[in-house]
Amino acid sequence: PDELFMLREKVQLHLQRNQELRDLSARAEELQQQQMSQDEEAEYAELASRAQVVVDEIEQYANELSEASEELWALHEAVCEHQQNEVLIEALEFRHFELFSSITSEEEITPEVQSEENQLLDEMDHLESLFSDSFSKVQHALEVYRQSIGLNCSSSSSTVST
């Protein structure tokens with residue numbers, strides 16, 4: 001999954017920049033504790049400048065990770081809804097199978113059986129509509145998530161199956 005590698009890479013960059021900032025801060029503190037020469041003052045100014053760049057990068061990574069996390073959660077919720085619809089359809093298919101499992105001839109199909117079958121078919125139409133909608137939600141959430149971590153949706157080969 002390219003998405004997980006991209007997210008992990010951003011987390012690693014975030015951690016690296018945090019460590020770099022700690023190192024810059026430690027060196028700046030060392031310089032502040034002593035009488036600085038002109039070279040050390042120049043180094044201190046360079047450290048401060050680099051620290052600001054690193055702080056900006058950390059903020060950017062934090063924002064990207066936060067957005068990706070929100071989008072990943074939305075994707076998770078969409079997948080859960082889709083899976084629940086799939087379970088409901090399977091249960092309905094089983095009820096339909098059970099309805100006819102003991103019937104061995106046309107004469108055994110009573111009006112009550114036909115009525116129950118019609119009700120099951122109506123429920124199936126409704127569930128198939130929900131299933132289709134939830135699948136669309138999964139596709140949309142996946143696309144939004146991929147965009148949030150910087151993946152081009154058309155370049156990824158992974159798909160969601162129904």
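**Charged residues, one by one**

Guide: Asp56 is partly exposed, with a relative accessible area of 40%. Keep in mind that this is a predicted model.

Visitor: Which element holds Asp56?

Guide: Asp56 sits in helix H2. Its C-alpha atom is separated by 27 Å from that of Ala74, 18 residues apart along the chain.

Visitor: Switching to salt bridges. How many are there?

Guide: The count comes to eight salt bridges.

Visitor: Which residue does Glu20 meet in a salt bridge?

Guide: Glu20 meets Arg17, with an N to O distance of 4.0 Å.

Visitor: And how are Glu20 and Arg17 placed in helix H1?

Guide: They are three residues apart in helix H1 (residues 2–32), so about one helical turn separates them.

Visitor: Is Arg17 buried or exposed?

Guide: Arg17 counts as buried because its relative accessibility is 19%, and the cut-off for buried is under 20%. Glu20, at 22%, is partly exposed.

Visitor: What other salt bridge does Arg17 make?

Guide: The side chain of Arg17 also meets that of Glu57, at 2.5 Å from N to O. This pair links distant parts of the chain, with Arg17 in helix H1 and Glu57 in helix H2, 40 residues apart. Both Arg17 and Glu57 are buried.

Visitor: Which residues are linked with Arg17 in a network of salt bridges?

Guide: Glu20, Arg50 and Glu57 are linked with Arg17 in that network.

Visitor: What about Lys137, which residue does it meet in a salt bridge?

Guide: Lys137 meets Glu81, at 3.2 Å from N to O. Here too distant parts of the chain are linked: Lys137 is in helix H3 and Glu81 in helix H2, 56 residues apart.

Visitor: Are Lys137 and Glu81 buried or partly exposed?

Guide: Lys137 counts as partly exposed, at 43% relative accessibility. Glu81 also counts as partly exposed, at 33%.

Visitor: New topic, the surface. Which residues form the negative patch?

Guide: The negative surface patch is formed by Glu90, Glu93, Asp122, Asp125 and Glu128. Helix H2 (38–101) and helix H3 (111–148) are the elements that give two or more residues to the patch.

Visitor: Which element gives the most to it?

Guide: H3 does, with three residues.

Visitor: Where does Glu128 lie?

Guide: Glu128 lies in helix H3. At 42% relative accessibility, Glu128 counts as partly exposed.

Conventions
Residues numbered from 1 in each chain as written. Predicted model: local features only at pLDDT ≥ 70, side-chain atom pairs only at ≥ 80, totals over all residues. Heavy atoms only, no water. Patch = residues over 30% accessible without salt bridge, like charges linked within 9 Å, V, L, I, M, F, W, Y side chains within 5 Å. Areas by Shrake-Rupley, 256 points an atom, 1.4 Å probe, with all protein chains shown as cover. Lys, Arg positive; Asp, Glu negative; His and termini not counted. Charge placed at Lys NZ, Arg CZ, Asp CG, Glu CD. Helix = DSSP H or I, 4+ residues; strand = E, 2+ residues; numbered from the N terminus. Buried < 20%, exposed > 50% of the residue type's maximum accessible area, 1.4 Å probe, protein only.
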